[in-house]
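Have the model open beside you as you go.

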Amino acid sequence: MKITSGLITAAVLFAGQEAWSQNENSREVFVSTSVAAVSAEDDEFEKGPWEVAEIAVKGNVNIKPKLISRTGKARIKKIYYSKDINSDIESILNLGSVEKVSVDVSGTAKPVKKKFREITGSSVAARVTYIIEEKPRIKKIILSAGTRKKIKKGKIKFVERKLSVRGIKDEMTLKEKDFFDTLKIKEDLIKLTDKYREKGFLNASVGYDVEFDTAANACVLRINVAQGVKSTVAGVEFIEAKAFPVKKLVKKMKNRPKKIYMPSELETDVENIENFYKNNGYSEFAIQSSSAVFSPDRSKVNIKINLSEGPKHKFGRTVFYGNTLYASGELSEFLEYRRGKIYSQERFDDTLRVLHEKYADKGRIRAQIVPEKIFNESTGELDVSFGITENNPVYVAHIDIEGNKATKTYVFRREVVQKEGEVFSSSKIRRSQEKIFNLGFIDDVRPVINPTSDPDKVDVIFDVAEGKPGMLTAGAGISSKDGLVGTLSLNHLNLFGRAYKTSISWQFGKRVQDYYLSWSAPWIKNKPTSFGIDIFNTRRYRPYGSELSAYTERRSGAKITLGPRFQDDKYHLTTSYTYEKRKIFDVKDVYKDALTEGTSVISSVYVEFARDTRDNIWDPTRGTRLSLGLDFAGGLFQGDLNYYKPSVSYSWNQKLFSIDDYPFVVSVLNRFGFVDRFGSTGSVPVFEKYFLGGGETIRGYNNNGQIGPAEGGKIYDVVNIEFKFPLARERKRTIVQWAFFLDFGNSWTKFRDVRYEFGTGADKLKAGAGFGIRFTTPAFPIRLDWGYGFNHRLGEEKSDIYFTLGNVF
């Protein structure tokens, strides 16, 4: 039996006949039946299935046989079904290197194993032969002589004599040593032609020739370029333009005099001119016509734009009629413009959008809002009236989740605050979308509103795209203290598809056994309450005085956390209990008088109440978070140490503007706290004091006494300001982000020492600024920052680089 490539088409042929057929636009499969290799008494052989005894590949020149055999489903000593033939043909063709393929199944002298006889219905095993015809391999890409341009890394660069082969390779999908593909070369020619036209060569054309070497099944690909003349803008003329200088209007365009003419941008240029006028008072502005006139040799272009400016207006009185759900006074609060201000189409459109959103939030997604602008001759202003037809409220009939593969559906359903049977609410849909994003392992979630047979009901579908939920890392290193050390770390945000957050880190060696295990669930018995357990045995090198590693601190113990949430996660109450042993050892000799080695048992409770309105907890673009916390150790909870640490934290995030889907965001964070002892504890333990500096507090300084008291502060206040924008996004998730920051603050021993003025003294505020880059990984954000300190003392390093896991905000 022989079967030849692609889309399945049946044909009846005589026994022993072979057929190949394939053209450029389609792949056809013809089936031929061959019984020459089968014994006469084994009539059922050709029907299959077969036990595979041998696998062979024929016709290959540049492709390794193993690639073909591994792509197919035939395996020695396994059963091969007739349905596998079509599947194998498609799979081999999809490699992209094969022009035609057929599969020949013939008998061998080897008997079928006893366990397969009932399945195969044949007494002999089969030989499966993949017969292929390769596409020619591109041996070399050369370019036609006499060309005067080269394309390099996406840009056209002028050279004197020839087209760069290296530059062409960067632009083309097909590379040397690839298999020649007609469709791909056509796509490449379009790309190359577009690149030339982007640079003003509007008549450029790119073609190709192929020289085939039949014996080697290879080819030489020749790219032919005819660039033509370069077209530049000779001038731009605005007819009837009186309100603004021509130079100011030209600056709104990409097609400017002496610049390359880009016909694809002309429509955008005209829109920019129209938007400029309408956002500066000219509500009746209109473009009458626009044209581009070429010189005879097409090297120069003159652009003419005929416009009608109309009168300049200011916003006047605004009235509403037809509204019953909202009072007119309430609707007036949603206006994005104010009476007496210059008319702006952008603000007018924003107002209309907000009004629709407010009605959609009350279920009136079919509300009609018709604006009418009327010039008031007595006031000289432009009055606006909004005619509103509210229509009936729309209810949600069904809510479904689609797109999830690894995650259980209920994980998403419980985050949806819009309920079935309730009135549709756009704010609840948006909040549901934000809560699903906040799970941390979602790349995108899109709400889809589908109509039903009942005009007053809709179905809502949340279409989710799952991202990578975790990361496993391993490594090894050599330490002067610990010798050879291995590390193993696992971080997962969606364990078992149930949104369990799990983190395991282990550092091991002959002299070290450090570990940290953390597990948490965001819901308990369908209640919005998180529960978590942490078990740890870790070491940290701690700063003191002028040393970054003045002593070693070991923490071993466990923590239990319970955190109910209220009003769709707007309010959080976090409680935790920690029981641990803290050991101070390896104190440097110079600090042994100030630091006492030993172990303390600490039993503490932490309580935090927070109000959180951020749209995304991982990378917020709007919203705030205010939290009040208290860490209380000892007292009724026993332990060796008695202390308390109140804290206040406030963050504010605001998107300033967006370029396409790239938000530019400013964020501000202020943290304040203090620590004090009570009872039998004589002084605040050193490991509970504040040592500021580094990537988590004030960048541009180290935490070895450069900020605040050298022995650590008991009070601190830190402000961080960041301006961030994405460098790369995947769907709606920022993958790489650039940031500029300004940090300032200090720590003090007593409240009377607090000074809110900048300087080099220990009680003065310290400021630092810099820039950095953020990477989003499946487990945690990574920050790389460079900071420069403005208030260093003599002899201190003024800048530093910080590599940090997690976000500041």
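**Exercise 1.** Sort the lining of the second largest pocket by residue class.

*Solution.* The lining holds 15 nonpolar, 11 polar and 15 charged residues. Here Ala, Val, Leu, Ile, Met, Phe, Trp, Tyr, Cys and Pro count as nonpolar, Asp, Glu, Lys and Arg as charged, and the others, Gly among them, as polar. This is a predicted model, in which local features need pLDDT of at least 70 and side-chain atom pairs pLDDT 80 or more, while totals for chains, interfaces and linings use all residues. Residues are numbered from 1 along each chain, and side-chain values use heavy atoms, without hydrogens and water.

**Exercise 2.** Describe the space in this pocket and find its centre.

*Solution.* Start with the volume: about 1000 Å³, the space filled by probe spheres set on grid points joined across faces, edges and corners. Next, D615, N616, D619, T621 and K732 are the closest to the centre among the 41 lining residues. A pocket is an open set of points on a 1 Å grid over the protein atoms alone, with protein on both sides within 12 Å along at least five of seven lines; a cavity is a set where a 1.4 Å probe fits but cannot get out; lining residues have an atom within 4 Å of a point.

**Exercise 3.** Which residues line the largest cavity?

*Solution.* First, its volume is about 50 Å³. Then list the lining: D619, P620, T621, P663, V665, K724, F725, P726, T734 and Q737. By class, 5 are nonpolar, 3 polar and 2 charged.
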